[in-house]
Amino acid sequence: MATAQAHALIEALPQRESTTSVLLPQASPTFVLTPAVHAVTERALAYLDCGYAVHLAGPAGTGKTTLAFHIAAQLARPVTLIHGNDEFGSSDLVGKDAGYRKSSVVDNYIRSVLKTEENMQVHWQSNRLTTACEHGHTLIYDEFNRSKPEANNALLSILEEGLLNLPKGGGNDGYLQVHPSFRAIFTSNPEEYAGVHKTQDALLDRMVTIDVGHYDTATERDIAHAKSHLPLEDCSVIVELASLLRGMGSGHRPTIRSCIALCRVLAHRARRVDVKDAFFRDAAWDVFGGILRDVSGKGPKPGVDDLMALISELQSGGRKGHIHSAAHSQATAS
Ligand SMILES: Nc1ncnc2c1ncn2[C@@H]1O[C@H](COP(=O)(O)OP(=O)(O)OP(=O)(O)O)[C@@H](O)[C@H]1O
Ligand SMILES: [Mg+2]
């Protein structure tokens, strides 16, 4: 399959007592497949082909979810998508008894004889994980560590023994043999993020974790360009600026999302990266100014002129490694 996707079509609910919808990943024209994306995809596919679950771990905005869909698309199986949720219990993944179904037959054929027959059946409702295991879907469990660790316990036996242990008395046999085509791709944000739980070692031990960082600037430039249609050279300056700001701070912000946002707004208003253009100056400050202030440390807070100075330096092929001190001296000067 060529450039596969980040979006998917939702198909009709599949029959049975299930709350699951099935996604069929489709190639997106804006998906960017550079050597960096290709390399990580190939590695993930190798692990999946050997039956291992893949875990894409990394900070926000590094393309994990998009990559998970792209990898899943290569497997050419229906995709079941679950988003981690702190409110989840195991039944939200696996399913639950949804009450009883009672049927009665009343036979009153002969007037004087009344025969009634009652039948009680447990009404079992599968949830997404069970449906994926049963039908051999590719499971994408996005941000799985937003669910409490105990909610994810069912995954232990699924990944290790290929068995899904269903709750007793659930109108089922107690176990479900996992379909041989079932594959699982997990994504997660670092544990220090708000609303993220620590994952039990036993679960991490059953998957191959690929640490996903920010892409190289050429890939980010192509992504920003594909998503905005702003000229490549402008996208290049913007992603390089983002990369510099990351280097000055935590290494995580700004993400490719901020770059895409600025590029899209500029393209939408038919503007370019131009430090003399008031619209560009304000928009760039809105998107990146807060981060520049965060990373500037003590001393006078930098303003929009300092941001523009960084951009001018990038446009003139300035020294990237010294941009921090350049920003600082600009901040001090203003
Ligand atoms: N290969 C790619 N081609 C095109 N766009 C991409 C690609 N990778 C990432 N993007 C875009 O970059 C942005 C961030 O990607 P994504 O949402 O996948 O990141 P994430 O790591 O899942 O972030 P979060 O941790 O916040 O959920 C999105 O707008 C996405 O469309
Ligand atoms: Mg994501």
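Helix H4 (residues 128-135) has Arg128, Leu129, Thr130, Thr131, Ala132 and Cys133 as its buried residues. A residue is called buried if 20 or more other C-beta atoms lie within 10 Å of its own, exposed if 12 or fewer do, and partly exposed in between, with C-beta atoms placed from the backbone. On that count six of the eight residues in H4 are buried, and the helix is mostly covered.

The model is predicted: local features need pLDDT of at least 70, side-chain atom pairs count only at pLDDT 80 or more, and totals for chains, interfaces and linings use all residues. Residues are numbered from 1 along each chain as its sequence is written, while chains are lettered from A and ligands numbered from 1 in the order in which they are written.

The protein chain holds 12 helices and 11 strands. Of the 334 residues in the protein chain, 37% are buried. Two residues are in contact if their C-beta atoms, placed from the backbone, lie within 7 Å. Among contacts between residues at least 6 apart in sequence, 72% join residues at least 24 apart.

Strand E3 (residues 53-57) is largely enclosed by the rest of the structure, because five of its five residues are buried. Ala53, His55 and Ala57 point one way from E3, and Val54 and Leu56 point the other way. Strands are said to pair if DSSP finds at least two bridges between them. E3 pairs in the parallel sense with strand E11 (residues 207-211) over five bridges, and Val54 stands opposite Val208 in E11. With strand E10 (residues 183-188), E3 pairs in the parallel sense over four bridges; here His55 stands opposite Phe186.

Ser188 lies in E10. Leaving out residues up to four places away in sequence, Ser188 touches His55, Ala57, Glu143, Phe144 and Asn145. The C-alpha atoms of Ser188 and Val212 are 24 residues apart along the chain and separated by 9.9 Å.

## The nonpolar core

A nonpolar core is a set of buried Ala, Val, Leu, Ile, Met, Phe, Trp, Tyr and Cys residues joined through C-beta atoms within 7 Å. The largest one has 72 residues, and Ile140, Ile185, Ala224, Ile238, Cys259 and Cys263 have the most contacts inside it. Helix H8 gives the largest share of this core, eight residues. Both domain 1 (7-94 + 126-211) and domain 2 (217-333) give residues to the core, so it lies between them; the domain bounds come from an automatic or database domain assignment. Ile185 is in contact with Val54, Ala68, Ile71, Ala72, Thr138, Leu139 and Ile140, leaving aside neighbours within four places in sequence.

## The shell around ligand 1

A residue is near a molecule if its C-beta atom, placed from the backbone, lies within 6 Å of it. Of the 18 residues around ligand 1, Ala60, Gly63, Lys64, Thr65 and Thr66 come nearest. Helix H2 (64-75), helix H7 (217-228) and H9 are the elements that give two or more residues to this shell. Each of domain 1 and domain 2 supplies at least three residues. The shell has nine nonpolar, seven polar and two charged residues. In this classing Ala, Val, Leu, Ile, Met, Phe, Trp, Tyr, Cys and Pro are nonpolar, Asp, Glu, Lys and Arg are charged, and the others, Gly among them, are polar.

Glu143 has a positive phi of about 50° although it is not a glycine. Its place is in the loop between strand E7 (138-142) and helix H5 (154-161). Ala270, also not a glycine, has a positive phi of about 50° and sits in the loop between H9 and helix H10 (278-295). The peptide bond from Arg253 to Pro254 is cis, with omega near 0°. Pro254 is found in the loop between helix H8 (232-248) and helix H9 (256-268).

Gly95 lies in strand E5 (residues 95-107). The C-alpha atoms of Gly95 and Thr131, 36 residues apart along the chain, are separated by 9.2 Å.

| Residue | C-beta count | Class |
|---|---|---|
| Glu143 | 20 inside 10 Å | buried |
| Ala270 | 7 inside 10 Å | exposed |
| Gly95 | 26 within 10 Å | buried |
| Ser188 | 24 within 10 Å | buried |
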